[in-house]
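I opened my notebook for a quick tour of this complex. Here is what I looked up, in the order I looked.

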Amino acid sequence: MLKCGDMLVSRWLRLRSLCNRVCPHTRREERKGLLWRRTLIGHQFTGTLASSRPCHSDVGDLYQNECIQRYLQQLMQEYRYICQRLELPHISEADRRALIKKHTELLPLADVFTDIEEALKDQQEVSSLLLGSVGAKDEDKQLTELLKEEEAQISCKVLTLRKNLVKALVPIDPLDSSNVLLEVMAGRTTGGDICQQFTREMFDMYRGYAWFKNWDFEVYNYTPAEYGGLHHAAVRIAGIDVYKHLKHEGGTHRVQRIPEVGLSSRMQRIHTGTMTVIVLPQPVELDLHIDPKDLRIDTFRSRGAGGQSVNTTDSAVRVVHLPTGTVAECQQSRSQLQNRDTAMRMLRARLYQSMMGEEIKHRQTVRKQQVGERSQSDRIRTYNFSQDRVTDHRTGHVARDIKEFMRGGGALDNLISDVLENEEKQALLELVENRGNGRDLTNPD
Amino acid sequence: MWRRSLSAGCRCFGFGSIGAKRRGQFHSLHTCSPPALPVGRITALQALEFWKKHFEESGVTEPDLSSHYIVAHSLGGKTIESLEQRKLTEFLSREKTEQIWKLCTKRLSRMPVQYVIQEWDFRDLTLTMRPPVFIPRPETEELVELVLTDLKNKPSSGDTVQTCLEVGCGSGAVSLSLLSSCPQLQVVALDRSQEAVELTKENASRLKLQDRIQIHHLDFMTEADEACSRCSPVSVLVSNPPYLFSDDVKTLEPEILRFEDPFALDGGSDGLTVIKQILTVAPKILSDRGGIYLEVDPRHPPLIQQWVEANVAELRYVETRPDINSRPRFCVLQKKQRELDVK
């Protein structure tokens, strides 16, 4: 008497041998109404994708995209071509080096590709077995269940591999791991202080987010407005991947509410206001050389000799970079020296941004051409307190419980992840569309 | 005991609330009673606005900043911005309101903010402040920077323990900043004022630096020998000595005249009395190639250079450094390497 497991195994082997006879009957399967799609490498897989986890739209989903498919094809063609060339006997050292370099670049991609092919083969086997077992007897039901499980697992694996493939294509922003200088600025309205109140709340939100992400939050400059609002502020946020998470926060944020405090609260109408967020990556100190002679430092300056003859609590410092006119000021600390050091750090960040500005401008221009004009004044997100929701206009992501959202915790993090994924998608599509335009792939250089 | 100068040109306010010690000390030319406590409850922001206006109307200097720092301190913060929105917009308790009123009233008498809230920041340290001990000026933060730069560049730094002498330590700002930034440093600090010695000890304890500092109650003008015996050769002598010209002292603003120790300010008719004493005695205290770092009046550097070259052969004038306002503010000198006697 065979043990249960052995019994299953022997049945499995029997069914496998059945499989080779079942496979050619693809027409029958099609007529059964199952959905089949051709993949890049000519394999077939079922349309009833068994996903064991909920997918929210991310870069990986771009796999289906035609441009992406074409791009992947191009890359694999390139890879195969390189492999062929490397086999040839007569090849110059320079050429060999170039080819090997490209080969190394593409190898990870090629490996994932191979993994996918293998997985699809396995999946096809299992699928065939399953189809063969349709209308099976009771004792085969258990095996059918096992097969179904296995198919689900392989499907999931294939999905993941494909997502990884696409993710590997996304251009990496070298600035992603940088710390940032984040600035908030109240917008202008015709009356009332809704903008300043909102700016203060946004400042608090980002402070909360920094705490949530375990980042360092150092206030460089803080210029309050009346009635507890905020005119503008500058903060240095340091930690892991800060720029990556905050880079898409830059832009105009809009608020809609019936104000509770301040001048506007007297009139119970829905008010609209805006504020602007600017996010600058903060460079490593060494990258930028500033000649002290190029700086003018403004501080409280008494009429007389200063020093012992004056008592003051005015420790504000403003630093002006004369050649570029870049300014940074700080009055955060009661110590003048600390304020000067902070102002210098802010200045460096701004100068760095100017330096990088050209490159960033170019990237933005290219993007605009692809995606379409979106001017600075267009708001990226609306915070509607009256209707208790936050809407990001780039992704359409809507968050409820605005009070919770403004604490800068998980709700904001989710939205930011969403925006990031969306922007990654855009960046990748942009890349493949550019590549698709007139690049000769038979001649890698 | 420090003298309170009451020149005829000085406007005085008489307030009952300041304390028995002061009653009868001031005759009021313009009696203004301090503003009464508000009837209803108010928020911190409202208190801020109220006192800013009141300081302005009363001729108090830096009205905005005064109000800002006092209210923030009452609510437990260094600055208004560091406080939560909630704290600024909610109603203050009666006690809190009374406290703010009490402190701001002190400021009405032109007491410096640093004495009102009894603390201030110097570089990265927070120090207790108390009248009449001299309040550190922003320029002096730069003096510490100069010393630190040179200490770090010295070839011997890192292995050996270096000793520094501060003449006129006041609240301890310079000494404690140096100690805080240089774990290898030991400091001997002197001051002619008992109150200054007490305050420096207090600040040293609070900052847990008391183990590396010795503080002596000595007048460098009359007890220089005693001072020398208290410290073996030091590699650094640093001082922010009284350097104001006696004539200029008379024109100082009330914040300084009424509350700070005149002995911390008055450097004689040319402002150089204490400076010259320090430079004369320095060669006895310094090791070879030891450095001297002085904060001075902007008119002093060329005078000091001339004087040293003519009178103190053992010292070499190294350079003059400017402060953040580009005024010549710091003199750096060095004890010459002694030539070996060849007999």
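**Around a helix of chain B**

I began where H4(B) ends: the helix is followed by B:Arg110, whose phi is positive, near 75°. Residues are numbered from 1 along each chain as its sequence is written, chains are lettered from A and ligands numbered from 1 in the order in which they are written, and side-chain values use heavy atoms, with hydrogens and water left out.

My helices (H or I, at least four residues) and strands (E, at least two) are DSSP runs, numbered from the N terminus. H4 covers residues 94-108 of chain B, and its 15 residues reach 21 Å from first C-alpha to last, close to the 21 Å expected at 1.5 Å a residue; that expected span is 1.5 Å times one less than the number of residues.

Next I asked which residues of H4(B) are buried. They are B:Thr97, B:Ile100, B:Trp101, B:Leu103, B:Cys104, B:Thr105, B:Arg107 and B:Leu108 (buried means under 20% relative accessible area, with a 1.4 Å probe and protein chains only). These residues pack against helices H1 (44-57), H2 (63-74), H5 (113-116) and H11 (254-257) of chain B.

**The sheet of chain A**

I then traced an open, mixed sheet of eight strands in chain A, in the order S4-S5-S3-S7-S6-S11-S12-S13 (two strands pair if DSSP finds at least two bridges between them). Strands S4 (216-224) and S13 (398-400) stand at the edges with a single partner strand each, so one side of each is left without a neighbour in the sheet.

**Confidence check**

Finally, I checked pLDDT, the predictor's confidence in each residue, from 0 to 100. Chain B has a mean of 89, and 88% of its residues reach 70 or more. Over residues 1-31 of chain B, though, the pLDDT is below 50. I note that where pLDDT is low, the predicted coordinates should not be read in detail. For the complex, the predictor gives an ipTM of 0.87 and a pTM of 0.63.

Definitions and conventions
This is a predicted model: local features need pLDDT of at least 70, side-chain atom pairs count only at pLDDT 80 or more; totals for chains, interfaces and linings use all residues. Buried means under 20% relative accessible area, exposed over 50%, partly exposed in between (1.4 Å probe, protein chains only). Contact means heavy atoms within 4.5 Å.
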